[in-house]
Amino acid sequence: MYVWNGKCKSEDKTTIEECDLEDFITVQPSAKRGAKMVVSILPDGTFAVNTQLLKCFPSKHAEVRMKSDGSQMLLIENGTVLLNFGKNGRIKNYNVMTTLQNLNKKLPLYYVGEWNDEKKMWLGEVSLENPNRSKKNK
């Protein structure tokens with residue numbers, strides 16, 4: 001954080017001649033905030049894999065496993081029962097939606113996780129909010 005030290009102020013006027021350039025820091029260009037890998041389960045039965053996570057599945061399909069309490073989800077690249085995500089990463093899957101509703105989970109629901117390149121798996125933890133969405137001011 002930069003704290004103004006008043007070296008450039010001269011009777012409420014700023015003059016370039018009086019500024020000490022060594023006292024200023026250069027503002028660097030900001031990089032995009034790194035998107036988290038997210039699976040979204042929506043009330044209409046949509047199962048959506050976000051773009052960041054979809055990059056881990058070039059074939060656009062994976063086996064999907066869910067922990068019995070709905071707290072975690074696994075996507076396995078080389079699984080046995082494969083779901084095809086389509087080119088945009090979205091499919092309808094009423095089984096996942098119904099399972100979560102039977103567990104008294106409110107939709108929409110999000111799974112946020114990390115990709116393990118060695119095992120070719122993604123493990124996500126349940127979240128009530130999508131961390132990639134900015135919060136709206138109320």
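Is phenylalanine 47 buried or exposed? In this predicted model, phenylalanine 47 is buried, with a relative accessible area of 0%.

Eight strands build an open sheet, and their order is E7-E5-E6-E10-E9-E3-E4-E8. The pairing is antiparallel. E7 and E8 are the edge strands, each pairing on one side only. On average, neighbouring strands of this sheet are turned by 30 degrees against each other, direction ignored.

Now look at E3 and E4. These two strands pair in the antiparallel sense over three bridges. Isoleucine 41 stands opposite phenylalanine 47 in E4. Leaving aside neighbours within four places in sequence, phenylalanine 47 is in contact with a set of residues that includes Val39, Ile41, Val64, Met73, Phe85, Ile91 and Val96. Ser40, Gly89, Arg90 and Asn93 are also among its contacts.

Next come the rings. The structure holds three aromatic pairs. One of them joins phenylalanine 47 and phenylalanine 85, with 6.0 Å centre to centre and 5 degrees between the planes. Planes under 30 degrees apart count as stacked, so this pair is stacked. Phenylalanine 47 lies in strand E4 (residues 46–49), while phenylalanine 85 lies in the loop between strand E7 (82–84) and strand E8 (90–92). The pair therefore ties together parts that are 38 residues apart in sequence. Phenylalanine 85 is buried too, with a relative accessible area of 0%.

Another pair has a different geometry. The ring centres of phenylalanine 57 and tryptophan 115 are 5.1 Å apart and their planes stand at 80 degrees, so this pair is edge-to-face. It links distant parts of the chain, 58 residues apart. Phenylalanine 57 sits in the loop between helix H1 (51–54) and strand E5 (61–66), and tryptophan 115 sits in strand E9 (residues 109–116). Phenylalanine 57 is buried at a relative accessible area of 0%. Tryptophan 115 has 18% relative accessibility and counts as buried, because the cut-off is under 20%. Ring pairs link Phe47, Phe57, Phe85 and Trp115 into a cluster.

Finally, step back to the core. In soluble globular proteins, nonpolar side chains tend to be buried together. Here the largest nonpolar core has 22 residues. Val39, Ile41, Phe47, Met73, Leu75 and Trp122 touch the most other members. Strand E3 (37–41), E4, H1, strand E6 (72–76), helix H2 (94–102) and E9 each supply at least two residues of this core.

Methods:
Residues numbered from 1 in each chain as written. Predicted model: local features only at pLDDT ≥ 70, side-chain atom pairs only at ≥ 80, totals over all residues. Heavy atoms only, no water. Phe/Tyr/Trp six-rings, centres within 6.5 Å; stacked < 30°, edge-to-face > 60°. Helix = DSSP H or I, 4+ residues; strand = E, 2+ residues; numbered from the N terminus. Buried < 20%, exposed > 50% of the residue type's maximum accessible area, 1.4 Å probe, protein only. Core = buried A, V, L, I, M, F, W, Y, C linked by side-chain atoms within 4.5 Å. Contact = heavy atoms within 4.5 Å. Pairing = 2+ DSSP bridges. Axes fitted to C-alpha atoms, helices over the stretch in contact; angles between N-to-C directions.
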